[in-house]
Amino acid sequence: MTNLRIGHGYDVHRLTEGRKLILGGVEIPWERGLLGHSDADVLVHAVMDALTGASCLGDIGKLFPDTDPAYAGISSLKLLAEVGRLLAERGFSVVNIDAALLAQAPKIAPHKARMAENIAMALGIESERVNVKATTEEGLGFTGDGSGMAAHAVVLLERLR
Ligand code: MG
(Lines give C-alpha, C1' and ligand atoms only; values in the text may rest on other atoms or scores of the structure.)
Protein backbone atom coordinates (compact mmCIF):
# COMPACT_ATOMS: atom_id res chain seq x y z
CA MET A 1 0.00 0.00 0.00
CA THR A 2 1.27 3.41 -0.89
CA ASN A 3 2.05 5.86 1.87
CA LEU A 4 0.85 8.84 -0.12
CA ARG A 5 -2.31 10.71 0.92
CA ILE A 6 -4.07 13.39 -1.07
CA GLY A 7 -6.29 16.12 0.40
CA HIS A 8 -8.51 18.90 -0.89
CA GLY A 9 -9.62 22.03 0.93
CA TYR A 10 -12.11 24.74 0.00
CA ASP A 11 -13.15 27.85 1.87
CA VAL A 12 -15.13 31.04 1.39
CA HIS A 13 -15.26 34.27 3.38
CA ARG A 14 -17.35 37.37 2.93
CA LEU A 15 -15.68 40.75 2.27
CA THR A 16 -16.68 43.55 4.56
CA GLU A 17 -15.60 47.04 5.58
CA GLY A 18 -13.62 47.61 8.77
CA ARG A 19 -11.53 44.43 8.58
CA LYS A 20 -7.90 43.88 7.60
CA LEU A 21 -7.32 41.81 4.48
CA ILE A 22 -5.02 38.94 5.43
CA LEU A 23 -4.18 36.38 2.74
CA GLY A 24 -1.52 33.75 3.17
CA GLY A 25 -0.44 35.62 6.30
CA VAL A 26 0.23 38.79 4.29
CA GLU A 27 -1.64 41.96 5.23
CA ILE A 28 -2.65 43.56 1.94
CA PRO A 29 -3.74 47.21 1.97
CA TRP A 30 -7.33 47.22 0.71
CA GLU A 31 -10.61 48.99 1.41
CA ARG A 32 -12.21 45.85 2.82
CA GLY A 33 -11.20 42.63 4.57
CA LEU A 34 -12.57 39.16 5.10
CA LEU A 35 -15.11 38.53 7.83
CA GLY A 36 -14.52 35.65 10.23
CA HIS A 37 -13.85 34.52 13.79
CA SER A 38 -10.07 34.30 13.27
CA ASP A 39 -8.20 36.62 10.89
CA ALA A 40 -10.38 34.96 8.18
CA ASP A 41 -7.37 34.05 6.03
CA VAL A 42 -9.33 32.13 3.42
CA LEU A 43 -6.21 30.83 1.66
CA VAL A 44 -4.65 29.37 4.80
CA HIS A 45 -8.02 27.90 5.80
CA ALA A 46 -8.25 26.01 2.49
CA VAL A 47 -4.67 24.75 2.98
CA MET A 48 -5.47 23.58 6.53
CA ASP A 49 -8.59 21.76 5.38
CA ALA A 50 -6.59 20.00 2.65
CA LEU A 51 -4.02 18.92 5.25
CA THR A 52 -6.60 17.72 7.75
CA GLY A 53 -8.41 15.94 4.91
CA ALA A 54 -5.32 14.08 3.72
CA SER A 55 -4.44 13.02 7.27
CA CYS A 56 -8.04 12.11 8.26
CA LEU A 57 -8.02 14.70 11.04
CA GLY A 58 -11.45 15.92 9.92
CA ASP A 59 -11.60 19.65 9.28
CA ILE A 60 -10.56 22.93 10.86
CA GLY A 61 -14.07 23.56 12.20
CA LYS A 62 -13.59 20.47 14.35
CA LEU A 63 -10.02 21.30 15.42
CA PHE A 64 -10.56 25.02 16.01
CA PRO A 65 -14.28 25.69 16.66
CA ASP A 66 -15.39 29.24 15.87
CA THR A 67 -17.33 29.22 19.14
CA ASP A 68 -14.03 29.08 21.07
CA PRO A 69 -12.95 32.58 22.20
CA ALA A 70 -9.32 31.37 22.17
CA TYR A 71 -9.38 31.61 18.37
CA ALA A 72 -10.99 35.06 18.11
CA GLY A 73 -8.84 37.21 15.82
CA ILE A 74 -6.01 34.64 15.87
CA SER A 75 -3.50 34.52 13.02
CA SER A 76 -4.42 31.55 10.84
CA LEU A 77 -0.69 30.89 10.39
CA LYS A 78 -0.62 29.95 14.09
CA LEU A 79 -3.45 27.48 13.49
CA LEU A 80 -1.58 26.15 10.45
CA ALA A 81 1.52 25.59 12.59
CA GLU A 82 -0.65 23.61 15.01
CA VAL A 83 -1.99 21.49 12.12
CA GLY A 84 1.63 20.91 11.06
CA ARG A 85 2.47 19.73 14.58
CA LEU A 86 -0.48 17.30 14.56
CA LEU A 87 0.65 15.92 11.19
CA ALA A 88 4.25 15.45 12.34
CA GLU A 89 2.99 13.69 15.46
CA ARG A 90 1.17 11.23 13.21
CA GLY A 91 4.20 10.61 10.99
CA PHE A 92 3.08 12.71 8.02
CA SER A 93 5.38 14.84 5.94
CA VAL A 94 4.20 17.35 3.32
CA VAL A 95 5.22 16.45 -0.25
CA ASN A 96 3.65 19.55 -1.79
CA ILE A 97 0.81 22.05 -1.54
CA ASP A 98 -0.91 23.79 -4.42
CA ALA A 99 -3.33 26.55 -3.46
CA ALA A 100 -5.50 28.85 -5.57
CA LEU A 101 -7.13 32.07 -4.42
CA LEU A 102 -10.27 33.28 -6.22
CA ALA A 103 -10.52 37.05 -5.89
CA GLN A 104 -11.58 39.83 -8.23
CA ALA A 105 -9.44 42.46 -6.51
CA PRO A 106 -6.94 43.60 -5.31
CA LYS A 107 -3.99 42.35 -7.37
CA ILE A 108 -2.57 39.29 -5.64
CA ALA A 109 0.44 38.60 -7.86
CA PRO A 110 2.90 40.86 -5.98
CA HIS A 111 2.21 38.96 -2.74
CA LYS A 112 2.11 35.32 -3.89
CA ALA A 113 5.73 34.48 -3.13
CA ARG A 114 5.47 35.81 0.42
CA MET A 115 2.24 33.89 0.98
CA ALA A 116 3.95 30.66 -0.11
CA GLU A 117 6.90 31.43 2.17
CA ASN A 118 4.60 32.10 5.13
CA ILE A 119 2.75 28.83 4.61
CA ALA A 120 6.00 26.88 4.23
CA MET A 121 7.50 28.52 7.30
CA ALA A 122 4.45 27.76 9.47
CA LEU A 123 4.74 24.11 8.46
CA GLY A 124 8.53 23.99 8.71
CA ILE A 125 8.97 22.89 5.09
CA GLU A 126 10.92 24.23 2.12
CA SER A 127 9.08 27.01 0.27
CA GLU A 128 9.61 25.16 -3.03
CA ARG A 129 7.01 22.66 -1.77
CA VAL A 130 4.30 25.35 -1.71
CA ASN A 131 2.68 26.99 -4.71
CA VAL A 132 0.20 29.87 -4.41
CA LYS A 133 -1.69 31.16 -7.39
CA ALA A 134 -4.61 33.51 -7.86
CA THR A 135 -7.31 34.08 -10.42
CA THR A 136 -10.31 36.28 -10.88
CA GLU A 137 -13.59 34.73 -11.93
CA GLU A 138 -14.06 37.22 -14.75
CA GLY A 139 -16.54 39.31 -12.79
CA LEU A 140 -18.86 36.33 -12.33
CA GLY A 141 -20.48 35.10 -9.14
CA PHE A 142 -19.76 36.16 -5.56
CA THR A 143 -16.01 36.50 -6.05
CA GLY A 144 -16.53 38.40 -9.29
CA ASP A 145 -18.87 40.98 -7.76
CA GLY A 146 -16.56 41.45 -4.76
CA SER A 147 -18.93 39.97 -2.14
CA GLY A 148 -16.29 37.52 -1.03
CA MET A 149 -13.21 35.47 -1.76
CA ALA A 150 -12.74 31.74 -2.09
CA ALA A 151 -9.75 29.42 -2.07
CA HIS A 152 -8.99 25.87 -3.09
CA ALA A 153 -5.99 23.82 -2.03
CA VAL A 154 -4.71 20.34 -2.75
CA VAL A 155 -1.96 18.67 -0.80
CA LEU A 156 0.03 15.49 -1.01
CA LEU A 157 1.28 13.93 2.20
CA GLU A 158 3.64 11.04 2.71
CA ARG A 159 3.34 8.85 5.77
CA LEU A 160 6.85 8.15 6.97
CA ARG A 161 5.96 5.80 9.85
MG1 MG B 1 -12.60 29.83 6.88
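Exposed means over 50% relative accessible area, and buried means under 20%. The close-ups below are taken from a predicted model.

**View 1. E138, an exposed residue with positive phi**. E138 has a relative accessibility of 68%, so it counts as exposed. Its phi is near 55 degrees, a positive value, and the residue is not glycine. E138 sits in the loop that runs between strand 6 (130-135) and helix 5 (141-144).

**View 2. A40, a buried residue with positive phi**. The loop between strand 4 (32-34) and helix 1 (42-54) contains A40. Phi of A40 is near 65 degrees, again positive in a residue other than glycine. Relative accessibility is 0% at A40, which therefore counts as buried. Most residues other than glycine have a negative phi.

**View 3. The cis peptide bond from A105 to P106**. P106 is placed in the loop between strand 5 (92-102) and helix 4 (112-123). Most peptide bonds are trans.

**View 4. The aromatic pair of F64 and Y71**. One aromatic pair is present in the structure. The ring centres of F64 and Y71 are 5.3 Å apart, and the ring planes stand at 75 degrees, so the pair is edge-to-face. The cut-off for this class is an angle over 60 degrees between the planes. Both F64 and Y71 are buried.

Technical notes: Residues are numbered from 1 along each chain as its sequence is written. This is a predicted model: local features need pLDDT of at least 70, side-chain atom pairs count only at pLDDT 80 or more; totals for chains, interfaces and linings use all residues. Side-chain values use heavy atoms; hydrogens and water are left out. Rings of Phe, Tyr and Trp (its six-membered ring) pair if their centres lie within 6.5 Å; planes under 30 degrees apart count as stacked, over 60 as edge-to-face and the rest as tilted. Buried means under 20% relative accessible area, exposed over 50%, partly exposed in between (1.4 Å probe, protein chains only). Helices (H or I, at least four residues) and strands (E, at least two) are DSSP runs, numbered from the N terminus.
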